Amino acid sequence: MQAREDSRTGNAAARDASAVGPASATSAAAALPVEYASAADLVRGEVGAGRSVHLECSRDAMRAAREAVQELAGPRRAAFYLEDDGGFDRDTVRSYLRFFARLAGDASAASDAIAHFGLRERAGVLVPKLTPEERALLGFARVSLLDPELCFCERPLLELGPDARQTVLAWIGAQSEAGTLFVTCGQPLREALLMPGRAFWEEDGRFLAAEVDDDAADDEGEPAFEGDEVRVCKIAAKAGDVTLLLDPREIDFIESANRVNYASVRGELYPTALTMDELESELERFGFFRCHRSYIVNVQKVAKVERYTRNTYNLVLSDAHHSSLPLSKGRAEEMRERFRWR
Amino acid sequence: MRKLGALLDKDARDLLKNPTMVVAVIMPVALTLFYRFSFRDALAAGESDPAMRLLVDGIFLVIALCMSVGVVGATVLVYGIAEEKEKHTLRTLMLANVSAGQVALAKGLVSLAAILVVAVACFALTGVSWQFFGGFIAFTAVGSAPIILLGLVLGLAARDQMTAGLYSMPILVISLVPLFTTFAPEAEFVAGLTPLGGVCDLLLLMMEGNLVSADALAPVAVTLAWTVAGALAFKLLYRKLAQDN
């Protein structure tokens, strides 16, 4: 699968007139378009080249992306998970999924989907009585029954708690490995980065590739943490007109999104004027780790490391929202070594 | 066929579980009973007067036909489709590789089945001789065609169940017009031009033994015209309306 995708990549980039400029980094990445003029161009370019793509975007762009997926689907089996999918009011989880299983041609698959998405206990419950999280899982169970080759998801992780998020990400990972192409839309960019494939973010109607530089070598020249030195460190962040001085121990992670860096404290994001490199160098001695080009995580807050595909790692935090952060493949090994994880 | 089977099964089950639909199914039956009670004097007179009996039987069957087709057709289709649009389940279906045509066919067939079941119940309650049953059911089925086609179009045009209430009214009203000729014979000409006017006239001609006559030409033409008009409206609009969902 990987080899097939790689072989498609160069041709697709060359023929994609709407893609702007080559990436300037490594030779492998150089062939990939880093900017698109619209969501529709992005979907056509990336999905057309056989790559899954994930967008942090507005509602208008989400609709445009969906329409582009519908156009691209053609004879392929396509499935759509839309955030306002209602479900039939008088159906139970079981009857709803049985109906879609019959449509897909295998009525018996419904019980497997119910079990896979953890809905067995709720199989007899009417759809309107489900919680938003259960309804989201029902939506993914429905989508799974269609065994899609191309799958479009709107805000796939929006209503999901940590366990449900793990279930859905694991399913997306497994399907992706099996060859399904995913197009997901939503916010924040962090969620797009958790998915297998490329992530893009929207700025003034254009779509820019999220930086996913796995090259950890740029850290090698930096001075090593001395261990027991005592230095006062406060991270300045804004909350309206007030400048907050955040204690590093309070910070769950640092996120770079839309060219602004944010410190996440107890589920709230506070913008900070410091660059990611400055933040990394300041916070490293407090047990922070640059897990991704756009993320610095407080390792003390990491509850678990999840791996859904060969190239997809996620860090699940024990913060207020049980946030999931991407862990670049190249940095996973470094993290393991630095913190002596076996 | 697999998808159509699944859709038919879902729509039929949903009809039985939906309170609005159940009321729509019960109402014609209840009103037939009510009319039978109201016409008890005429019925008694008909015991000794065959002409009167034929007249009353004709009125009963026209009521049964119009109620079955009008109330069930308008409600089951327009509300059913509008609810699916409101809850986005129609979109979910169409994004699950089900075509608008398959959805429409399933809903149309389930509505037709519901209309015929209600018509059978109504016929049984009228007390009319069973010799007219075959013709009554046949004309009910034929008369259902334009109403079902128009109901599908209006159901797809309705944004939600609230607008479905508004959009189903014209179907209900034009379906029930032949029924009012009992009380206002001067409205017979207008009633004859409505979607069910033709089949009601044919039904009465059948009861009089004059079905195969020149008198049947105009009702046949009216019924055909409405069926063709309904089919054209459906053909022209359903795909666009379904995509707007």
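How do H4(B) and H10(B) run relative to each other, roughly parallel or roughly antiparallel? Hold that one for a moment.

First, the ground rules. This is a predicted model: local features need pLDDT of at least 70, side-chain atom pairs count only at pLDDT 80 or more, and totals for chains, interfaces and linings use all residues. Residues are numbered from 1 along each chain as its sequence is written, while chains are lettered from A and ligands numbered from 1 in the order in which they are written. Helices (H or I, at least four residues) and strands (E, at least two) are DSSP runs, numbered from the N terminus.

Now chain B, and back to the opening question. The axes of H4(B) and helix H10 (residues 197-208) of chain B cross at roughly 150° and come within 10 Å. Axes here are lines fitted to C-alpha atoms, for helices over the stretch in contact, and angles run from 0 to 180 degrees between N-to-C directions. H4(B) and H10(B) are therefore roughly antiparallel. The cut-offs: under 35 degrees is roughly parallel, over 145 roughly antiparallel, 65 to 115 roughly perpendicular, and the rest oblique. The crossing of H4(B) and H10(B) is right-handed. Handedness works like this: left-handed if the near helix is turned anticlockwise from the far one by less than a right angle, right-handed if clockwise.

Who touches whom? On H4(B), the residues include B:Leu54, B:Asp57 and B:Leu61; on H10(B), they include B:Val199, B:Leu203 and B:Met207. Contact means C-beta atoms, placed from the backbone, within 7 Å. By class, the contact of H4(B) with H10(B) has 10 nonpolar residues, 1 polar and 1 charged. Nonpolar covers Ala, Val, Leu, Ile, Met, Phe, Trp, Tyr, Cys and Pro; charged covers Asp, Glu, Lys and Arg; the others, Gly among them, count as polar.

Next, another partner of H4. Helix H4 (residues 50-86) of chain B also packs with helix H7 (residues 133-157) of chain B, at an angle of about 25° and with the axes 9 Å apart. H4(B) and H7(B) are therefore roughly parallel. H4(B) and H7(B) make a right-handed crossing. Among the residues in this contact are B:Gly70, B:Gly73 and B:Ala74 of H4(B), and B:Gly143, B:Ser144 and B:Ile147 of H7(B).

Over to chain A. Chain A is divided into domain 1 (2-209) and domain 2 (216-338); the bounds come from an automatic or database domain assignment. Domain 1 puts 17 residues into the contact and domain 2 puts in 15. On the domain 1 side, H8(A) has the largest share, with 8 residues. That side of domain 1 has 9 nonpolar, 4 polar and 4 charged residues.

Then the sheet in chain A. It is open, with 5 strands in the order E12-E11-E10-E14-E13, and the pairing is antiparallel. Strands pair if DSSP finds at least two bridges between them. Strand E12 (268-272) and strand E13 (288-292) of chain A are the edges, each pairing on one side only. On average, neighbouring strands are turned by 25° against each other, direction ignored.

Strand E10 (residues 251-257) and strand E11 (residues 260-265) of chain A are antiparallel and joined by 6 bridges. A:Ser256 is opposite A:Asn261, and A:Ile254 has A:Ala263 as its bridge partner. The hairpin of E10(A) and E11(A) leaves 2 residues between them, and A:Asn258 in the turn has a positive phi of about 50°.

On to the next pair. E11(A) and E12(A) are antiparallel over 5 bridges. A:Asn261 faces A:Thr272 of E12(A), and A:Val265 bridges to A:Glu268. This hairpin also has 2 residues between its strands, and A:Arg266 takes a positive phi near 45°.

Last stop, the interface of the two chains. Chain A gives 14 residues and chain B gives 14 residues. Helix H5 (residues 93-104) of chain A gives the most on the chain A side, 4 residues. The chain A side holds 6 nonpolar, 3 polar and 5 charged residues.

Note on methods
Contact = placed C-beta atoms within 7 Å.
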